[in-house]
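Q: Please take a close look at one part of this protein, a strand together with its partners and the loop beside it. Please also place that part within the whole chain.

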Amino acid sequence: MMDVENTRTALIGIIVENEDSVAALNALLHDYRKYIMSRMGVPHPKKAISIISIVLEASPDTINALSGKLGALEGVSTKTIYSKS
């Protein structure tokens, strides 16, 4: 069981512009699945991009690690928003 007193709720917004990075992105999300509360993906076919939002509950270090790994993928941009508590 996760100690929620040492965790934060966060939203990671992801924009995927390189379809070749999708497999690696999905592998990372699978690796962090125990922290993910919700995932929503929206395709944008006219621009050939995908927009994904991930809500997670984890330590700030874990959230930062996932966001950094996702943002390091070719053609993937991320932005993370944290809860105040």
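Predicted model: local features only at pLDDT ≥ 70, side-chain atom pairs only at ≥ 80, totals over all residues.

A: A cut-off is needed at the outset: a residue is called buried when its relative accessible area is under 20%, exposed when it is over 50%, and partly exposed in between.

The setting comes first. The protein contains two helices and four strands, and their order along the sequence is β-α-β-β-α-β. The radius of gyration is 13 Å, close to the 12 Å that the globule rule gives for 85 residues, so the protein is as compact as a globular protein of that length. Along the principal axes, the C-alpha trace spans about 40 × 20 × 20 Å.

Strand S3 pairs with two strands. On the one hand, S3 is joined by nine bridges to strand S1 (residues 8-16), and the two run antiparallel. Within this pairing, Thr9 has Glu57 of S3 as its bridge partner.

For the protein as a whole, 29% of the 85 residues count as buried.

The loop between S2 and S3 holds Ala48. The hairpin formed by these strands has four residues between them. Ala48 has a positive phi of about 55°, although it is not a glycine. Its relative accessibility is 60%, and because exposed means over 50%, Ala48 counts as exposed.

Some values for the whole protein complete the picture. Among contacts with a separation of 6 or more, 69% are accounted for by residues 24 or more positions apart. The protein exposes about 5,600 Å², of which carbon and sulfur atoms supply 55%. As for charge, there are 9 positive and 9 negative charges, and their mean positions are 6 Å apart.

Methods: Residues numbered from 1 in each chain as written. Heavy atoms only, no water. Pairing = 2+ DSSP bridges. Rg over C-alpha atoms; globule rule 2.2 N^0.38 Å. Buried < 20%, exposed > 50% of the residue type's maximum accessible area, 1.4 Å probe, protein only. Contact = heavy atoms within 4.5 Å. Areas by Shrake-Rupley, 256 points an atom, 1.4 Å probe, with all protein chains shown as cover. Lys, Arg positive; Asp, Glu negative; His and termini not counted. Charge placed at Lys NZ, Arg CZ, Asp CG, Glu CD.
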